[in-house]
Amino acid sequence: MAGLPASALRSAPRLETERLILRSLQRSDLDAHAATLGDPEVARFIGGTPFNHEDSWRRMLAAIGCWQALGFGAWAVELKSDGRMIGHCGFFDFERDMQPSIVGEPEMGWIFDPSVHGQGIAFEACSAALLWADEHLAVPTFPAIVVPGNEPSRRLALRLGFEQLPDALYRGEPTWLFRRTSPAAATATSTAPA
């Protein structure tokens with residue numbers, strides 16, 4: 001896969017970690033996906049209203065479609081121990097009406113079922129996705145946004161190497177903006193002549 005332009009990808013490549021499989025989202029994931037997005041604990045940080053089955057399906061299709069249109073997107077995250085799909089993570093470009101703009105950049109995002117919170121699952125999955133992105137997406141930085149008050153996601157972003165920047169404005173509301181420099185860009189900057 002090395003050297004293959006990301007735009008040539010049509011679906012998520014399979015990635016494995018010690019406890020997880022990151023793979024393409026499939027129709028059979030809908031019930032688990034809808035259960036997670038319908039959980040009030042999750043929903044309070046993704047719009048406030050739990051998603052119904054239909055809206056969960058649309059969101060899942062958008063995540064799958066990113067691979068088709070952009071060459072990057074979301075992975076379903078599955079536990080190796082029992083095969084259960086417990087969330088998703090990956091990269092998106094939703095053309096957000098946000099200041100400062102992040103349009104055209106692979107924005108990292110993640111959502112995990114509350115049953116696996118506090119176990120390092122999100123860090124393990126997102127780290128694998130970032131390793132893939134560092135190798136296959138020729139971009140200097142990755143943005144991420146987090147709803148103010150979502151301290152677990154804020155801590156995860158910082159642990160993943162994102163730097164918290166001044167707040168952005170998204171849909172008229174302040175949102176936390178983070179940015180992570182790719183290792184290649186960091187190396188190029190540190191070795192550039194002064």
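I began with disulfides, meaning pairs of cysteine sulfur atoms within 2.5 Å, and the structure holds 0 of them. Cys89 is in no disulfide, and its nearest cysteine sulfur, that of Cys126, is 4.3 Å away. Cys126 is in no disulfide either, with the sulfur of Cys89 as its nearest cysteine sulfur at 4.3 Å.

A note to myself on the source: this is a predicted model, where local features need pLDDT of at least 70 and side-chain atom pairs count only at pLDDT 80 or more, while totals for chains, interfaces and linings use all residues. Residues are numbered from 1 along each chain as its sequence is written, and side-chain values use heavy atoms, with hydrogens and water left out.

Next I asked: are Cys89 and Cys126 buried or exposed? For this I use relative accessible area: buried is under 20%, exposed is over 50%, and partly exposed is in between (1.4 Å probe, protein chains only). Cys89 has 0% relative accessibility, so it counts as buried. Cys126 also counts as buried, because its relative accessibility is 0%.

**Two helices that cross**

Two packed helices are described by the angle between their axes and the distance between the axes. I looked up both for H1 (residues 30-37) and H3 (residues 53-70): their axes come within 9 Å and cross at roughly 110°. That makes H1 roughly perpendicular to H3. The classes are: under 35 degrees roughly parallel, over 145 roughly antiparallel, 65 to 115 roughly perpendicular, and the rest oblique. The axes are lines fitted to C-alpha atoms, for helices over the stretch in contact, and the angles run from 0 to 180 degrees between N-to-C directions. My helices (H or I, at least four residues) and strands (E, at least two) are DSSP runs, numbered from the N terminus.

H1 passes H3 in a right-handed crossing. Right-handed means that the near helix is turned clockwise from the far one by less than a right angle, and left-handed means anticlockwise.

Which residues of H1 and H3 meet? On the H1 side I found Leu30, Asp31, His33, Ala34 and Leu37, and on the H3 side His53, Ser56, Trp57, Arg59 and Met60. The residues of this contact divide into 5 nonpolar, 3 polar and 2 charged. Here Ala, Val, Leu, Ile, Met, Phe, Trp, Tyr, Cys and Pro count as nonpolar, Asp, Glu, Lys and Arg as charged, and the others, Gly among them, as polar.

I then followed Trp57, which is found in H3. Trp57 is partly exposed, with a relative accessible area of 25%. Not counting residues up to four places away in sequence, Trp57 touches Arg27 and Leu30 (contact means heavy atoms within 4.5 Å). The C-alpha atoms of Trp57 and Val146 are separated by 22 Å, and these residues are 89 apart along the chain.

Most residues other than glycine have a negative phi, and most peptide bonds are trans. With that in mind, I looked for exceptions. The peptide bond from Gln99 to Pro100 is cis, with omega near 0°. Pro100 lies in the loop between strand S5 (98-99) and strand S6 (107-112).

Glu95 is not a glycine, yet it has a positive phi of about 50°. I located Glu95 in the loop between strand S4 (85-92) and S5. Glu95 has 55% relative accessibility, so it counts as exposed.

Arg171 has a phi near 55°, a positive value in a residue other than glycine. Arg171 sits in the loop between strand S8 (163-170) and strand S9 (173-181). At 68% relative accessibility, Arg171 counts as exposed.

Met85 is in strand S4, and it is buried, with a relative accessible area of 8%. Leaving aside neighbours within four places in sequence, Met85 is in contact with several residues, including Arg23, Leu25, Ala32 and Val77. Met85 and Ile21 are 64 residues apart in sequence and 9.2 Å apart in space, C-alpha to C-alpha.

Gly83 lies in the loop between strand S3 (74-79) and S4. Gly83 is partly exposed, with a relative accessible area of 38%.

Pro114 is found in the loop between S6 and helix H4 (121-136). Its relative accessible area is 26%, so Pro114 is partly exposed. Pro114 touches Asp39, Glu41 and Val42, not counting residues up to four places away in sequence.
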